Amino acid sequence: MTDEAIRTERLSKHFGRTVALEGLDLEVPRGEIFGFLGPNGAGKSTTIRLLLNLIRPTSGRAWIMGVPVGDVRAAHRHLGYVPGDVALWPQLTGMEILTYLGRLSGRVDTAYRDELIERLRLDPSLRARSYSKGNRQKVALVAAFMTRPDLLLLDEPTAGLDPLMEAEFQALTREAARRGQTVFLSSHILAEVEDVCERVGILRDGRLIEVATLADLRGLNATVYDATLDGPAPDLSDVPGVASVEPLPDGVRVTLTGPPGPLLERLAGTGLVKLRSHEPSLEEVFMTYYESPARPETGLTARLDR
Ligand SMILES: Nc1ncnc2c1ncn2[C@@H]1O[C@H](COP(=O)(O)OP(=O)(O)OP(=O)(O)O)[C@@H](O)[C@H]1O
């Protein structure tokens, strides 16, 4: 069997004039926890719905565990899915729903199901109509995990969970990956996935703009310098290591990806009053990808591509 849990080839989906996904080439090996990140409307749910064959691609192809996604019977045997907006049968209790879904799949480990219910602190005796968004999500998470599928497709699964339950969800995800299961986790918040994912793909306007390991993102080694000047700012664009320069009311903000010597030399003769430095947070690195109109101009991409 193939080593890849997910593979897509030039996968695209257009809704009329809306380009929801364009030319997605992605490979996620078995056993990986992969974060699929992008702002609202970037195309995350569209990708997941294509992988589930809930919608058909405009062009391109996709496979789940080596099975073409159009072969629904075979592909879905490998899958567990948590949708972004969980809808349940309102008149059934949580346990009735789990029992019904378990019978459909025919391969539930009931001891593990009960452990999941306990660890996620779900009260399964209540009717679904009385569940909050977070509780509906818990039912969907238990249903997805309880069959121990080869691949879990999770669309913003922690959006309704409190921090304690989010931590429990992350523990369950890690345990699944240790057993060899693959987890595909979409989110628009880096912080939600950075503790569990080995790699993240960053999607914007339907296009995959980066795939990087968290270690790569963390190891960018860029430093941001805020220089307060008592005169006009010099031209710093040609200083070695300078990735970007932005004006501040009383000086400049410089992002640097190398040693600071050349920058300090250039600033020394310019009425430098104060110099403050800080490491960019992962969230700041991430926002660069979200916000810049094209590829980021910070030089970070080039470093990630190495
Ligand atoms: N059935 C549809 N008909 C028309 N347009 C659609 C449909 N589904 C999605 N879109 C559009 O495709 C684009 C991508 O949407 P998608 O739901 O995949 O984004 P997303 O990254 O999952 O966002 P969110 O985090 O808000 O769920 C959006 O512009 C959306 O409006």
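**View 1. The six-stranded open sheet.** Six strands line up as S6-S7-S8-S3-S9-S10 in an open sheet of mixed pairing; two strands pair if DSSP finds at least two bridges between them. Strands (E, at least two residues) and helices (H or I, at least four) are DSSP runs, numbered from the N terminus. Strand S6 (79–82) and strand S10 (207–213) each have a single partner strand, so one side of each of these edge strands lacks a neighbour in the sheet. On average, neighbouring strands here are turned by 15° against each other, direction ignored. This is a predicted model: local features need pLDDT of at least 70 and side-chain atom pairs count only at pLDDT 80 or more, while totals for chains, interfaces and linings use all residues. Residues are numbered from 1 along each chain as its sequence is written.

View 2. Strand S9 (residues 199–204) meets S10 in the antiparallel sense over six bridges. Look for Gly 201, whose bridge partner in S10 is Val 211. Helix H1 (residues 44–51) packs on this sheet, touching strand S3 (33–37), strand S7 (151–155), strand S8 (182–187) and S9, and its direction makes about 145° with that of S7. Helix H5 (residues 133–145) lies across S6 and S7 and runs at about 175° to S6. Contact here requires C-beta atoms, placed from the backbone, within 7 Å; axes are lines fitted to C-alpha atoms, for helices over the stretch in contact, with angles from 0 to 180 degrees between N-to-C directions.

**View 3. The four-stranded open sheet.** Here the strand order is S2-S1-S4-S5, with antiparallel pairing. S2 and strand S5 (67–68) are the edge strands, each pairing on one side only. Strand S1 (residues 4–15) joins S4 through five antiparallel bridges, and Thr 8 has Ala 62 as its bridge partner in S4.

**View 4. The ligand shell.** There are 13 residues around the ligand, and Phe 15, Ala 20, Asn 40, Ser 45 and Thr 46 come nearest; a residue is near if its C-beta atom, placed from the backbone, lies within 6 Å. Strand S2 (18–29) and H1 are the elements giving two or more residues to this shell. H1 gives the most, with three residues.

**View 5. Where to read with care.** The protein chain has a mean pLDDT (the predictor's confidence in each residue, from 0 to 100) of 87, and 90% of its residues reach 70 or more. Over residues 293–306, pLDDT stays under 50. Where pLDDT is low, the predicted coordinates should not be read in detail.

Technical notes. Contact = placed C-beta atoms within 7 Å.
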